[in-house]
Amino acid sequence: MDVLAVNGYLPLRLVLTDTLAVRTSFDPLRVDSEHTIGGRAQRGMLAAALRRAGRERELHDWVARGAQVRFAPAHPRLEPGADPGLPGAAPRAAVAYPAPAYLYTPGKDGDTAVDAFGDTDPATPYRAVRDPLTPDRSLRAAVRTTAEQYLGRPRTGEAARSVPFFTTSVDPGQVFEARWQLRAPDPDALERLAEGIAALLAEADGTLTLGSGGTRAHGGVHVAPVDPDRLLAPDRVDPVHARSWEAGTPVDLLLLSPALLVGADGQARPQALVPAVLDLLARRLPGVRAHVLASHVEAGLVGAYHRGYQGPMAQRWAARPGAVVRLRLDRDLTTDQARDLEAHPLGERVVDGHGQFTLLSPPPPGPEPLAPVAVPLAGRVPGTVPLADGRAVPVGEPPLPERDGPLRSLYDELLWNAAVEPVRDHARALARASAHRLDPLTPHLLGRLREATVHPHPTPESALAALERTVTAPSTGRTATDSADAHKAPYDRAVRALARARLVRPGGREPVTVQSWLEGLSARTAAAWWSDNRPDPVYSPAYARAIAAVDLSLPDGLPPDDHPSALSARAREWEGRAAPRLALTLVSSWLAEAARALRAEQDGGRPGGGGAG
């Protein structure tokens, strides 16, 4: 009888404070990092913390023997409101696990996901979903990485010379979650074990390191329980649905970490996953008959670094995470039985987190919308600001630019430099969306209009007034006083062309004529014109994000949600003062891009011209 009969899981939140390099191979000139943090790396982290604290007994019991603590890979954790690029906020934090191997998207750029174990079209190409996915298939995770090249000394004993090294590391500020499996004789002992580990991690905060290069400014991490008031969880994966299945109902076994399996010949056999699953069912659920409906297993090499021996461990073939075995049982599967199965990983080196799996219900038949992608950044705690390394600092009192002339000038310049490029991008997007409605305009006519904006003028207001006179001036009845702008006024036919061409605006708004769009640009109405044509935060969010990033009144640098413009009160005040300058930038960029689009259409879409042939 197993003396460690009580199981529980300690959910830990890992926030990277430095770049993280976790090797995927032993190429001495290249380091490619995994997008998860393996259990072996966390085992070394805990061992180093215990050794520094001089706690040899815990080092032996928790790490060396591997009976009380089984480590687990840390997967990307998606927290509500953390990723500003994700529309809306998830109701609660969710962890993204390896995508099931049966999940595919039809077509090269498909926006739906289908179950490849079900009905598929042989004539349709399918692409596997590789991004980590939440259990409810509502979000995908995109872990940010950085590739670097640097010079270092070789370790081969040759003459001292620089050798190029390459590394791909995980960026700091991202959040992962690991669930260490704890085992004890009784519930009280299990609770004491969880409290002891949490206390040690709190004491070692600031000294914990993960992965390769822990002594070279890599691998800094902050580790703490997900819920300090409730240390233990009963499930390996936070459930989103009921965890019981009636007899005859399909159930999926999803592999969460590489499984080191051995075949009948004693050699590494990733394809032995199905026999290993059936053997586990026979041992833990005697008398239950299981039928394998489908399975998909892929093989991959798994290695590790032994921190104690300061050297690599031998690589082995393993079943890759995401492997799926779809089963049908002839008896009901209860929640307690499912938890008991998940507490017994498959294969070897289970202490390092290998062979872990969870039980899920298959997806419904038919295609589902492909989940949006989110970055696993640290969530925003009210009253604090998350830094780039994931740490949170209290919100300070924002400066008051209106009380300081130089600070006000700096504030205005910061906002302008941040806004100008998104405004130009917005103008280009408008021109490209309207390219098929600009007939009968010509690149020559648009170029003549743009001359009025690029001609030297003392103020943006005078440039807008000159453009408005150019668009609205009649071709006859000019006086001698109009001679300065006479060469810029289009003829009646050109005015009619401006009245026929249409500008398409985002959000389903009615198209307007180019002539009416260019009217109302005088200094008295420039603010109203800009308010009607500014980038909408729903369809062109880059403008609001760029301004918020440098807005001194927004400590967190994120667009506020208390106003339709997604700008702060101070940014809106600046926008009203800078409206003529912003409008001039938008119109000038639109005229240039529209002329370029028309010229490309006339040239047959080829830069060198030549027509369509």
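How many aromatic pairs does a search of the whole structure find? The search turns up 5 aromatic pairs. Keep in mind as you click around that this is a predicted model.

**Stop 1: a pair of rings**

Select Phe 71 and Trp 180, and turn the view until you can see both rings. They make an edge-to-face aromatic pair, 4.8 Å from centre to centre with 70° between the planes. Phe 71 sits in the loop between β3 (69-70) and β4 (75-78), while Trp 180 belongs to strand β12, so the pair ties together parts that are 109 residues apart in sequence. Is Phe 71 buried or exposed? Phe 71 is buried, and Trp 180 is too.

**Stop 2: zoom out**

Now show the whole chain as a cartoon. You're looking at 15 helices and 25 strands. The chain has 613 residues, and 45% of them count as buried. Take the contacts between residues at least 6 apart in sequence: 72% of them join residues at least 24 apart.

**Stop 3: Asp 171**

Go to the loop between β11 (163-170) and β12 (175-184), and pick out Asp 171. This residue is buried but has no salt bridge. Which side chain of opposite charge is nearest to Asp 171? It is Arg 144, 5.9 Å away. Next, show Thr 146: a polar contact of 2.5 Å joins its side chain to that of Asp 171. Leaving aside neighbours within four places in sequence, Asp 171 is in contact with Leu 16, Arg 144, Thr 145 and Thr 146.

**Stop 4: salt bridges**

Side chains of opposite charge can pair when their charged atoms come close. Across the whole structure, a search finds 34 salt bridges.

Start with Arg 316 and Glu 348, whose closest N and O atoms are 2.8 Å apart in a salt bridge. This one links distant parts of the chain, with Arg 316 in strand β17 (residues 311-319) and Glu 348 in the loop between α5 and β19 (357-360), 32 residues apart. Arg 316 is partly exposed, at 22% relative accessible area, and Glu 348 is partly exposed as well, at 36%.

Then select Asp 352 and Arg 349, a salt bridge with its closest N and O atoms 3.4 Å apart. Asp 352 is buried, with a relative accessible area of 5%, whereas Arg 349 is partly exposed at 23%.

Now jump to Glu 575 and Arg 534, where the closest N and O atoms of the salt bridge are 3.1 Å apart. Glu 575 is in helix α14 (residues 569-577) and Arg 534 is in the loop between α12 (526-533) and α13 (542-550), so this pair ties together parts 41 residues apart in sequence. Glu 575 is buried at 9% relative accessible area, and Arg 534 is buried at 13%. After that, select Arg 13, Arg 77, Glu 79, Glu 177 and Arg 179, which salt bridges with shared partners join into one network.

**Stop 5: Arg 331**

Finish in the loop between β18 (324-329) and α5 (335-342), where you'll find Arg 331. With 44% relative accessibility, Arg 331 counts as partly exposed. Its side chain reaches the backbone oxygen of Gly 287 at 3.2 Å. Not counting residues up to four places away in sequence, Arg 331 touches Glu 246, Ala 247, Pro 286, Gly 287 and Val 288.

Definitions and conventions:
Residues numbered from 1 in each chain as written. Predicted model: local features only at pLDDT ≥ 70, side-chain atom pairs only at ≥ 80, totals over all residues. Heavy atoms only, no water. Helix = DSSP H or I, 4+ residues; strand = E, 2+ residues; numbered from the N terminus. Buried < 20%, exposed > 50% of the residue type's maximum accessible area, 1.4 Å probe, protein only. Lys, Arg positive; Asp, Glu negative; His and termini not counted. Salt bridge = Lys/Arg side-chain N within 4 Å of Asp/Glu carboxyl O. Polar contact = N/O pair within 3.5 Å; in protein donor to acceptor, adjacent residues only side chain to side chain. Contact = heavy atoms within 4.5 Å. Phe/Tyr/Trp six-rings, centres within 6.5 Å; stacked < 30°, edge-to-face > 60°.
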